[in-house]
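Let's take a friendly walk through this protein, from its overall layout down to a few details of its backbone. Have the model open beside you as you read.

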Amino acid sequence: MIAIGLEGSANKLGVGVLLHPDDGSTPQILANVRHTYVSPPGEGFLPKDTARHHRSLVVKLVKDALKAGNVSVADVNCICYTKGPGMGAPLQSVALAARMLSLLWGKPLVGVNHCVGHIEMGRLITGATNPVVLYVSGGNTQVIAYSSQRYRIFGETLDIAVGNCLDRFARTLRISNDPAPGYNIEQLAKKGKQLVDLPYTVKGMDCSFSGILAAVDGLAETYGFRGKESADDDNDDDISTNNTNDDSKPTRADLCFSLQETIYSMLVEITERAMAHVGSREVLVVGGVGCNERLQEMMGIMARDRGGSVYATDERFCIDNGVMIAQAGLLAFKAGLTTPLKDSTCTQRFRTDDVFVKWRD
């Protein structure tokens, strides 16, 4: 069976083609193409602009994916698309494209939960059997474990997502959005040396990031970093970002370093608590923020101390992509689950634990 997957819940438009061999062997990724809408430094991406980006490129990316995978329309068994969660206008653009392809090609539709797509792709690539999942992205922060054909949420953010926290601080410092604001914060944080005290808010297995964002934004304002681009982000000793006469003054890199260390410590804590609760020694990190090397390092230290292991993927599969939608959709399709055309809508709020995971025991 071959599925084509369309992802466009945020600023990344992805189209993937996936093959599940008849003999039950490992699925094969035939194509995984993606294009990102990048907004100017200091600005986020607006839904209408992102939707316009998706509409203008979706046909080209579908053609590119079919060509890269050496697949014809006749070979495709189903069309999978992101039903939610995500931003309304971009989701609608991709759902419209999926319905168009379904009608043109006469192929069944499968609406996919974006979060479940990340989980199933992570399980496929890493080989993790039944891990506790930390799902961290621009719009979601959840600690998840599987039970009784549902992905159960054990903990989550009480306000904004961890990726949104990083993205908004990147806007404060006018850090470039190319290739991603979180990635650029990570590179700047590697130059940080001073750990600044920031709020640490964990409540059971839930956490909160709005307070820490307000605090670090306040420090950026205090030290004159707000809204000012560094003359050279690669050299954080620049006079515009460091006061050489006052060694106690943090640099832009110190603020990025402190923000990362604090929020990732929070994530490691709630993940460890969930692992202890369900008796698991495996943790799988998925979502765009899951690419962060420091988060993977901290999670690995915790897992090894528990006699366990951590699984993660690189930017090809951590960051939103079409093949993860194809994987989750094809699993559902093989289990007999499809989406009638009249129900092929999308929703900004689609909980991970709302999905009936029929394909797992």
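## Two domains

The C-alpha centres of domain 1 and domain 2 are 26 Å apart. Domain 1 is made of residues 2–122 + 320–335, and domain 2 of 130–231 + 249–316; these bounds come from an automatic or database domain assignment. Where they touch, domain 1 contributes 18 residues and domain 2 contributes 17 residues, with contact taken as heavy atoms within 4.5 Å.

A word on what you are looking at: this is a predicted model, in which local features need pLDDT of at least 70 and side-chain atom pairs count only at pLDDT 80 or more, while totals for chains, interfaces and linings use all residues. Residues are numbered from 1 along each chain as its sequence is written, and side-chain values use heavy atoms, with hydrogens and water left out.

## Where the domains meet

About 1,500 Å² is buried between domain 1 and domain 2, and carbon and sulfur atoms give 59% of that area. Buried area here is the accessible area (1.4 Å probe) that two parts lose on being put together, summed over both. What holds for polar pairs? Eight residue pairs, both partners at pLDDT 80 or more, are in polar contact across the interface of domain 1 and domain 2. A polar contact is a pair of N or O atoms within 3.5 Å; within protein, one must be able to donate a hydrogen and the other to accept it, and residues adjacent in sequence count only if both atoms are side-chain atoms.

On the domain 1 side, strand E3 (28–36) and helix H3 (114–126) are the elements giving two or more residues. Helix H3 gives the most, with seven residues. Helices (H or I, at least four residues) and strands (E, at least two) are DSSP runs, numbered from the N terminus.

## An annotated site

The unreviewed UniProt entry marks His 114, His 118, Tyr 135 and Asp 320 as "binding site". They span 207 residues in sequence, yet no two of their C-alpha atoms are more than 12.1 Å apart, so they gather at one spot. Of these residues, His 118 lies in helix H3. Such annotations may be inferred rather than shown by experiment.

## Salt bridges

How many salt bridges are there by this rule? The count comes to 13, each being a side-chain nitrogen of Lys or Arg within 4 Å of a carboxyl oxygen of Asp or Glu. Between domain 1 and domain 2, however, the count is zero.

## Backbone details

Most residues other than glycine have a negative phi, and most peptide bonds are trans. Asn 70, not a glycine, has a positive phi of about 55°, and it lies in the loop between H1 and E4.

The peptide bond from Gly 84 to Pro 85 is cis, with omega near -5°; Pro 85 is in the loop between strand E4 (78–84) and helix H2 (88–105). Another cis peptide bond links Asp 178 and Pro 179, with omega about 0°.
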